Structures are given as structure tokens and as C-alpha cells.
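Below is a walk through selected local features of one protein chain. Keep the sequence and the model side by side while reading.

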Amino acid sequence: MLPLKEKDKVIIQKLLASGCCARCVLRFCCIGVPDAYRQTRQETLRQLQAFISTPEDRKSSESTVEEGNNNSQNATVSEPESKRSKLEPEEPAPDSSVCMVCLGVLQHLSDVSQAVQIADTVKKQQYEVDTLVLSISLPAQMCVREHSCWLHVKEQVRAKCGVLGRDDVIQVKEALRWIMQGLLAHELAGVAVVAKSALEVSVGFTHPETDADCHFLASACPDCFKPTKNKQSVFTRMAVVKALEKIPDSKFMKHSPCPPSRPGTSCTPQDVQCVHMSVFVAGRYNKFCRSLPQTPWLIDGERRMESSVEELIATPVLAAFRAHGRPFALELLNPHKSKLSEENMKSVQQSINASSDKIRVRDLQMVSRDAMSRMKEGEEEKTKSYQALVWTHKSIHKDDIAFINHIKDLRVDQKTPLRVLHRRTLAVRQRLIHSMSANLLDQHHFQLSLKTQAGTYIKEFVHGDFGRTKPNLCQLLDTHTDILELDVQSVDVDWPPALSD
């Protein structure tokens with residue numbers, strides 16, 4: 001039975017007579033029981049009509065049905081034609097006319113066929129989920145019709161309970177979700193429709209026939225309707241709601257009928273859209289230096305032929321990879337598979353490492369959006385370790401670069417580099433180079449290791465950027481220098497957490 005009260009009768013009578021569907025009648029009676037909306041609209045209408053009928057009406061109806069079944073030709077009591085038209089037939093005919101408020105959404109667009117259409121879209125896109133949230137977009141003019149219907153029964157609703165107001169009326173969206181929950185769960189084999197989920201399934205409706213219903217609000221409340229670049233119409237749902245909150249009831253009723261007129265057609269459903277919330281994958285990586293042409297090297301006074309610079313510096317890079325690595329994170333947009341086990345992540349990591357000899361990944365794992373702030377914190381506040389291959393114009397020896405190993409906490413002033421000036425504000429930024437070490441490779445090349453404050457421009461520190469970074473390596477060595485290779489060995493932030501091999 002529907003949880004109705006005696007004072008609901010006058011509301012039900014007014015709404016049914018005005019062309020309101022059975023489920024919208026429940027909404028304006030402030031019935032917040034989901035199961036009341038899940039029964040068929042025909043059954044809901046039958047119960048509403050039974051509720052508003054008097055005991056004498058019900059007794060007379062039963063008597064009429066019994067006499068009909070017995071084929072009695074001599075009825076002792078003849079019901080008035082007007083009363084018989086209200087009571088017969090016993091099972092009310094379906095409310096075939098389109099509801100003046102929901103425009104058919106809670107009538108013809110909330111049945112099994114609509115659930116099948118939504119479920120088919122989700123199935124075709126092959127989302128692997130346990131839950132989904134149903135997002136519903138309704139035409140803005142429905143707000144005007146609902147406000148009009150509220151003014152039509154406002155006195156009766158408040159007579160029922162003085163504390164009830166416009167906000168206590170159940171929203172069409174909420175009623176539709178209640179109806180579709182069980183239907184969708186059945187069609188999707190157990191996928192629950194919940195209030196919050198990573199998968200959002202959007203269902204939209206339009207009703208061109210009544211688009212003009214809210215146009216009078218533009219002149220009544222012009223400050224609520226301002227054109228925007230991203231909106232095709234100024235009559236957005238938010239703008240209409242804002243205008244309805246400002247317009248006086250008397251002014252509204254001059255421009256809009258109460259109750260609203262009956263429409264001739266139902267809403268038209270739009271294409272179902274599915275979007276999964278982004279998921280984030282994080283880990284650490286190291287790059288390997290690229291090979292250079294075969295060059296004779298002079299090391300410790302002995303001439304040697306080495307295949308590449310890579311062989312000279314690969315070992316420390318590998319050691320750095322095992323201990324550190326640079327944090328990274330990937331945002332996967334609209335993923336169709338969002339739950340990966342540790343074994344899945346290890347398999348992905350192995351595939352990445354096997355696909356190239358230029359990069360290695362470790363500690364690959366799923367992280368939350370909130371955890372991404374840890375990486376940003378490392379970029380802005382922590383220290384970074386670099387390894388660079390430096391070229392010098394003049395010939396150098398070990399003694400020429402030995403002093404670099406003793407430099408500690410060197411402060412440098414860096415004017416915005418020319419290479420990023422198009423996207424960064426022109427300013428002089430002071431950065432700290434905590435330590436450096438140099439390893440001679442030949443008379444014109446050495447390996448430079450640095451530990452710096454995050455945000456230091458290493459390339460500009462090496463070549464000076466036409467004097468925009470001071471001091472720079474050119475000044476320290478008194479010769480032109482340039483950077484050939486640069487590798488970020490680590491960002492000194494303990495994120496993401498290390499995983500066991």
C-alpha cells in the first residue's frame with residue numbers, strides 16, 4: 001500500500017484532474033519511499049484512485065461487479081451515471097496521455113525498454129565495473145512546469161503539513177533513479193546503481209514542443225540569463241532555477257498557466273554516454289644515455305678505444321636505477337578496466353622494460369588522485385640528482401676539474417631561460433646547487449653529477465645561457481662548455497612507495 005494520508009486526497013484529486021501522471025502525484029505528495037515508484041504506473045494509478053474513493057463508492061463498485069458477474073437483469077439500486085464513470089472499470093485504464101510535469105519521463109521512458117537501451121550501451125563498451133552512477137539531464141522547461149504545478153497545489157500541501165515546502169517535492173531525477181535501479185541491475189547482471197561511482201552513465205532528454213515555456217523568464221529576470229561561449233542556449237537549467245527563485249508567484253502566474261498545459265508528445269531520449277573516472281598509475285623510471293660514435297679516449301694517460309660514452313657511465317646509472325629513479329605518474333582517461341592486481345602491474349612493468357633498452361621502470365602501481373600531490377611536492381620543494389655529459393672547448397685535465405668536487409651549496413641566480421621564456425614569467429630565480437662531482441672522460445668531455453634544489457635549470461648552469469645564469473660552469477672553468485646528455489637520476493621524495501621485487 002502507498003504511504004498516503006487523509007490530507008493527500010485533495011492533492012491527488014487536483015493533480016489527476018489536471019493531467020498529472022501517477023508517479024508525479026506521489027512526488028507532490030512528498031512520498032520518499034523508493035518502492036512506491038518501482039511498482040507499475042498502472043498499479044500506482046489504481047491504488048491512488050482506490051484511495052480517493054469513499055467507502056460508499058467502493059461498496060457500490062463491489063456490488064456492481066458482483067451483479068455483473070451474476071448476470072442480474074433486475075438491479076435494485078441504480079448508480080448515477082457520473083458515479084459509475086468514476087468507478088468503472090475496476091482496473092483503471094493506463095494513463096496514456098503525456099504527463100504535464102515530467103513530460104512522459106516517469107511514464108513511457110522509465111520502463112524495461114529504456115533500461116535495456118542503457119544496459120546495451122554499457123555492455124558494448126565493455127566496462128569492467130561493479131557499480132555505476134546514473135546521471136540524468138532533463139530539459140530546463142521542466143523546472144517551470146514543476147514550479148507551476150507546485151503553485152497549483154501549494155496550499156493543499158502546506159495544509160497537509162506546515163513544514164513542507166517546494167524543496168520537499170521529490171525530484172524527477174531521483175524518482176527515475178529509483179525506478180531504474182532494479183531494472184539496470186537485472187540487465188547488467190548485478191552491476192549496482194549507486195549514488196557515487198567511478199563510472200558515470202549519462203541519460204539526457206529533450207522536449208522541443210515546450211522549449212518556449214521558460215522564455216518569459218528572460219524578460220522577467222534578465223540578470224539570470226547571460227550568454228556564454230560554451231552554452232548553445234542561455235536557458236540552462238541552473239539559470240532557470242535561479243530565475244524561479246527570484247520571480248514572485250503573482251508575476252509568474254501572469255505569464256505561465258497553473259497548472260501547466262498538457263503536452264502532446266513525450267520527451268525524446270538522447271544518446272547514452274558512458275565516462276569512467278580517470279585512474280592514475282605511478283612508478284619510477286631512469287633513462288639511459290644514447291651511444292656516441294667510437295672515439296679514442298685518454299684516461300689516466302693511457303689511450304683507449306671505447307665503443308661509446310654509455311659504457312663508461314652505464315654502471316652508475318644502473319646503480320641509481322636500483323636505488324632511486326625519477327617519479328612519474330600517468331592519468332588514464334576513461335579506462336574500461338580500472339582494477340589491476342599487483343601481478344597485473346608487475347606484468348605491465350616487465351613488458352615496458354623488455355620493450356626498450358633506453359628506459360627502465362620500477363615500483364609501478366595504482367595510486368589515488370590525492371596521492372599525486374606528493375609528486376608535485378617533490379617537484380617544487382625537494383632536491384633532485386642529475387648526471388650530465390659536459391663538453392669543454394679547451395683541453396682539460398683532472399686537476400682542472402678537481403675543484404668541482406669541493407663546491408658545496410653554490411647559490412646561482414637564473415634569469416628565465418630563453419628556451420622557456422615564451423611560457424614562463426621573466427624573473428630572476430635564486431637556486432641552490434648542494435653538491436657536484438666531476439669525472440674526466442677525455443680532454444674535452446667529463447661526467448658531471450649534481451644534487452640541486454628542485455627547479456634549477458641544469459642546462460643553463462652548464463652553458464650559461466648567454467650570461468643569464470650566474471655563476472655558471474663556463475665562468476668556473478674559464479672556457480666555453482655545453483651539455484651533451486642529461487639524465488635525472490632521482491627526485492629525493494619517497495613516492496611512490498617502493499615495492500618488493
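The structure, a predicted model, holds zero disulfides. Cys 224 is in no disulfide, and the nearest cysteine sulfur, which belongs to Cys 221, is 4.9 Å away. Cys 224 is buried, with a relative accessible area of 9%. Cys 474 has a relative accessibility of 15% and therefore also counts as buried, since the cut-off is under 20%.

Cis peptide bonds come next. One joins Cys 258 and Pro 259, with omega about 0°. Pro 259 sits in the loop between α12 (249–255) and β4 (268–269). Another joins Lys 470 and Pro 471, with omega about -10°. Pro 471 belongs to the loop between β15 (469–470) and α18 (473–477).

Positive phi values also occur in residues other than glycine. Leu 103 has phi near 55° and lies in the loop between α6 (81–87) and α7 (112–124). Leu 103 counts as buried because its relative accessibility is 0%. Asn 334 has phi near 45° and is found in the loop between β9 (326–332) and α14 (342–355). At 28% relative accessibility, Asn 334 counts as partly exposed.

What is the place of Lys 287? Lys 287 is in strand β6, which spans residues 279–287. With a relative accessibility of 38%, Lys 287 is partly exposed. Lys 287 and Ile 359 are 72 residues apart in sequence, yet their C-alpha atoms are 4.5 Å apart in space.

Methods. Residues are numbered from 1 along each chain as its sequence is written. This is a predicted model: local features need pLDDT of at least 70, side-chain atom pairs count only at pLDDT 80 or more; totals for chains, interfaces and linings use all residues. Side-chain values use heavy atoms; hydrogens and water are left out. Helices (H or I, at least four residues) and strands (E, at least two) are DSSP runs, numbered from the N terminus. Buried means under 20% relative accessible area, exposed over 50%, partly exposed in between (1.4 Å probe, protein chains only). A disulfide is a pair of cysteine sulfur atoms within 2.5 Å.
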